[in-house]
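Please take me through this structure in the viewer, one selection at a time. Say what to pick next and what is found there.

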Amino acid sequence: MALQDICRQPHTPAFPLSRKWNDPISLALDGGDTNTVLGRGGFATLPFYMPLTANTGFKKPPLRPRTPHPAPPNQIPKRAAVAVPFELAHGTTTLSFKFQGGVIAAADTRSSCAGYVECPTAEKVIPIHSHLVGTTSGTSADCMLWKRILSRECRLYQLRNKVPLTVKGTAKLLSAALSPFKGTELCVAATLCGWDRTGPSLHYVYSDGTRLEGQLFSVGSGSPYAYSVLDREYRFDMSVPEAYALARNAVYHATHRDAYSGGCVDLYHVTECGWRKIGRDNLLPVYYEKKGGGEVRGF
Amino acid sequence: MEYLIGIQGQDFVLVAADTIAANSIIQMKHDHDKMFKLSEKILMLCVGEAGDTVQFAEYIQKNVQLYKMRNGYELSPAAAANFTRKNLADYLRSRTPYHVNLLLAGYDEQAGPALYYMDYMSALAKAPFAAHGYGAFLTLSILDRYYKPDLTRDEAVELLKMCLEELKQRFILSLPSFNVRLIDKDGIKDLEKLPITA
């Protein structure tokens, strides 16, 4: 492929993928096969080649002199001049953590707006490229837009510099892109969960400028409830099924207590081979099962 | 919520900062480092508004390093402090002021150790000891009472422990751990994290 030649990528496929998009594949609920990479339609949305060795032999980019913190473009006033026509969606529960088997990202699917459930089946975990997913919290429209912009910028960086951006770099890029809007109504609280040449990586980025690296983050109105469940049971050396169960449980408990979280729980797992959506589980029957004293598989 | 403290001795400066990164009522990170290394013998401790702290601190950090690259020698702590103050002052009356409170600690071959206190209004003062945050209200008088200009390293650490004990006793917010560093003629050294965990 022409693009592969520009980027000096080998012609052999990077992932051990030999399946076509319509191959019937069964996804086990727990465990699962971490050797195959599946996205919508069977391929990761933006297949990037992740060199497993750090040394690519390319020259470092030249040092550019820094300019002072620029003023926001177009003189955006501190307060919005126009009132928003309706309240933007804010409530959510998202969580992500690193463990021995990679990075887990989970989120509920309720998109709320001024007391209504605007969409019960929203997608709050958005893939950015083959090895990076982002959980979104805050205003859903803002998050979706900025994630798409981030996908574009990651791709451009890789084409220009021939090395993929690390997750830390992606977080800094997002933070820098959002900084002119500090003090406005823009609200993006994202965790970037990915695997890069330094291994599994998890960064939290907030539109007020906060950028943190960590092992475990939960963001959104339901995050305190999720944190409490996560903190009780999280260990770095959990097995993969334990990690899936913990993530689902934490979101479940948060959706029970928080009015602005609910619906289903989306679960994503990021490994060396890329991200994979483990599944979407409806939480309503889980509540009734547990209330009836039953055990729920996967929770 | 956040707390910074610095104590200058005869030939060293001892600094400590808490390690909590919080967002409203939640502690998002327990091992957050609030100290930024400007050069081999200068440390800047930075607290304040989320985002502004890291943005401003990294800007100063990179510019100090750029100075060294261009001119071949490092800025002295006094020069770095005044440079930082100038930048903070320049942005103060703009539409995007940085709301950050800083402690700048360094060791100069000629001038010896130095500790500078700077606040978000870009007031700069060289001081023998200083603190930022709500915790400062509780600990400044301890420093006033027990500080001596010829403190040894061990005595300074004991004084620091006294301050942290007071915070543990009287401050309503829990600050469970602190990063402690010492700067002297040999550079920046990490000391044991306080409080000492078993």
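**Stop one: a threonine in a loop**

Select T93(A), which sits in the loop connecting α1 (2-6) and β1 of chain A. The model is a predicted one. Is T93(A) buried or exposed? Its relative accessibility is 0%, so T93(A) counts as buried, the cut-off being under 20%.

Next, show what surrounds this residue. T93(A) touches A106(A), A107(A), D108(A), V219(A), G222(A), A226(A), A254(A), D258(A) and S261(A), leaving aside residues up to four places away in sequence. Pick S261(A) from that set: its side chain makes a polar contact with the side chain of T93(A), at 2.7 Å.

**Stop two: the largest nonpolar core**

Move to L95(A). Together with F97(A) and I104(A), L95(A) is among the residues with the most contacts inside the largest nonpolar core, a set of 27 residues. To display the elements that give two or more residues to this core, select β1 (94-99), β2 (102-108), α4 (223-233), α5 (240-257) and β11 (264-271) of chain A. The most comes from α5(A), with 9 residues.

Keep L95(A) selected and show its contacts. Not counting residues up to four places away in sequence, L95(A) touches I104(A), A105(A), A106(A), T135(A), F217(A), S218(A), A226(A), L230(A), A247(A), A250(A) and V251(A).

**Stop three: a separate core**

Finally, go to chain B and select A16(B), L143(B), Y147(B) and L151(B). These belong to a second, separate core, which has 25 residues.

Technical notes: Residues numbered from 1 in each chain as written. Chains lettered and ligands numbered in written order. Predicted model: local features only at pLDDT ≥ 70, side-chain atom pairs only at ≥ 80, totals over all residues. Heavy atoms only, no water. Core = buried A, V, L, I, M, F, W, Y, C linked by side-chain atoms within 4.5 Å. Buried < 20%, exposed > 50% of the residue type's maximum accessible area, 1.4 Å probe, protein only. Helix = DSSP H or I, 4+ residues; strand = E, 2+ residues; numbered from the N terminus. Contact = heavy atoms within 4.5 Å. Polar contact = N/O pair within 3.5 Å; in protein donor to acceptor, adjacent residues only side chain to side chain.
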